[in-house]
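This report describes one protein model. The sequence and structure come first.

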Amino acid sequence: FILVSIFAVNCTEIVNAQNFVDLVKLNHNNTLQTPFENSATQTNIAETDLELTLPLAINAQTNLLTGFIFEKINTKLFENEARETFSSISLKLGMNKIHSEKWSGTYVLLPKLSSDFEHLTKRDFQIGVFALLKYKKNERTNYKVGLYSNAELFGPWVVPLFGIYYLSASDQFEVNVVAPFLADFNYKVHRTIGVGLNYAGQVRTYHLNQVSTTGNSGYVERATNEVSTYLKFNLTKSLILQTKFGHSIGRHYRVYNDDDRVSIGFPLVFIGDDRQQLNTDIEDGWVYQFMLLYRFHKP
């Protein structure tokens with residue numbers, strides 16, 4: 001898979017240089033008990049994701065892309081309050097298009113409900129767009145450039161994308177990078193076992209119909225950056241199990257009032273950000289993950 005978290009930036013998963021498509025992914029991600037900053041209170045973060053991708057061939061140059069992503073997160077947002085659950089349901093509506101012998105592109109519309117789902121309002125709805133152009137240098141190397149943008153609850157979120165894919169002549173060593181969301185390096189030690197090193201990052205927001213400490217509506221801004229090692233087991237040609245263990249870097253689940261926004265957000269830079277955070281950050285900590293996926297190999 002291209003992105004551990006789902007599309008992201010969930011989006012890059014649908015673009016592969018390989019001769020396969022990952023149709024179904026079931027993922028469970030959990031952390032060890034981790035304290036809030038400057039506090040003895042601890043919590044863990046549990047996340048479950050299910051993703052379905054259905055490519056539909058129109059002709060030799062065009063494939064429609066459909067599917068959905070469901071995710072559910074459960075954790076404490078405030079030290080002295082109960083655990084909370086917030087989720088998102090995203091549709092994937094787009095296409096892959098071969099433009100020439102060297103150039104191809106993927107273009108996707110990403111409508112999403114992202115909320116605690118206590119009741120639905122217009123603040124629960126977000127929409128994103130994703131475009132990625134791929135230049136094929138040869139059968140084993142390609143370069144990527146693109147853009148991801150989403151109407152997050154803090155304001156417009158815009159992310160330029162740059163990437164590279166490389167597969168060694170032995171088919172054992174593979175590199176897949178879509179910066180700033182993903183960097184993955186893996187080596188096949190056996191026809192059924194692989195080892196790898198992975199970086200994955202994402203920023204997303206979820207509407208909270210009622211913030212427990214204020215009684216008003218608000219939102220949680222979730223930022224995760226994780227470096228992990230993993231083992232990948234090919235149980236069959238199409239069924240793959242992956243186990244990961246890693247550590248977060250600069251993770252936060254920050255709660256803001258609904259009207260606390262920025263002018264525009266880019267990776268590492270928020271313009272016009274004078275928001276007042278309502279909760280305390282959770283410290284970085286250890287993360288483990290189990291992922292089961294079903295892979296369709298192209299003829």
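## Basis

This is a predicted model: local features need pLDDT of at least 70, side-chain atom pairs count only at pLDDT 80 or more, and totals for chains, interfaces and linings use all residues. Residues are numbered from 1 along each chain as its sequence is written, and side-chain values use heavy atoms, with hydrogens and water left out.

## Overall fold

The protein has 0 helices and 20 strands. Both are DSSP runs numbered from the N terminus: helices are H or I with at least four residues, strands are E with at least two. The radius of gyration is 19 Å, close to the 19 Å that the globule rule gives for 299 residues, so the protein is as compact as a globular protein of that length. That radius is taken over C-alpha atoms, and the rule is 2.2 Å times the number of residues to the power 0.38. Along the principal axes, the C-alpha atoms fill a box of roughly 55 × 35 × 30 Å.

Of the 299 residues, 49% are buried. Buried means under 20% relative accessible area, exposed over 50%, and partly exposed in between, with a 1.4 Å probe and protein chains only. Among contacts with a separation of 6 or more, 56% join residues 24 or more positions apart. A contact means heavy atoms within 4.5 Å.

Strand β5 (residues 46-57) runs antiparallel to strand β6 (residues 62-75), with 12 bridges between them. Two strands count as paired if DSSP finds at least two bridges between them. L56 stands opposite L64 in β6. The two strands, β5 and β6, form a hairpin with 4 residues between them. On to the next pair: β6 and β7 are antiparallel and joined by 14 bridges. Here N63 has N96 in β7 as its bridge partner.

Strand β7 (residues 84-98) holds S87. S87 is buried, at a relative accessible area of 9%. Leaving aside neighbours within four places in sequence, S87 is in contact with F70, E71, K72, L113, S114, S115, F117 and Y206. I89 is also in β7. I89 is partly exposed, with a relative accessible area of 38%. Not counting residues up to four places away in sequence, I89 touches I69, F70, P111, K112, L113 and F117. The C-alpha atoms of I89 and S114 are separated by 6.6 Å, although the residues are 25 apart along the chain. In a regular strand the side chains alternate between the two faces of the sheet.

## Strands β14 to β17

β15 pairs with β14, β16 and β17. With β14 it runs antiparallel over 16 bridges. With strand β16 (residues 239-248) the pairing is antiparallel over 9 bridges, and a hairpin of 4 residues joins β15 to β16. With β17 there are 6 bridges, again antiparallel.

S228 in β15 stands opposite N198. S228 also stands opposite G246 in β16. V220 has V255 in β17 as its bridge partner.

## Loop residues

Which peptide bond is cis? The one joining A179 and P180 is, with omega about 10°. P180 lies in the loop between β12 (173-179) and β13 (182-190).

F117 has a positive phi of about 60° although it is not a glycine. This residue, F117, lies in the loop between β8 (103-115) and β9 (125-138). F117 is partly exposed, at 30% relative accessibility. L268 is not a glycine either, yet has a positive phi of about 75°. L268 sits in the loop between β18 (264-266) and β19 (269-271). L268 is exposed, with a relative accessible area of 88%.

## The second largest pocket

About 370 Å³ of space lies in the second largest pocket. A pocket is found on a 1 Å grid over the protein atoms alone, as an open set of points where a 1.4 Å probe fits, with protein on both sides within 12 Å along at least five of seven lines. Grid points are joined across faces, edges and corners, and a volume is the space filled by probe spheres set on the points.

The lining has 20 residues, and W157, V203, N225, P267 and L268 lie nearest the centre. Lining residues have an atom within 4 Å of a point. β14 (193-208), β15 (218-234) and β17 (252-257) each supply at least two lining residues. The lining divides into 11 nonpolar, 5 polar and 4 charged residues. Ala, Val, Leu, Ile, Met, Phe, Trp, Tyr, Cys and Pro count as nonpolar, Asp, Glu, Lys and Arg as charged, and the others, Gly among them, as polar.
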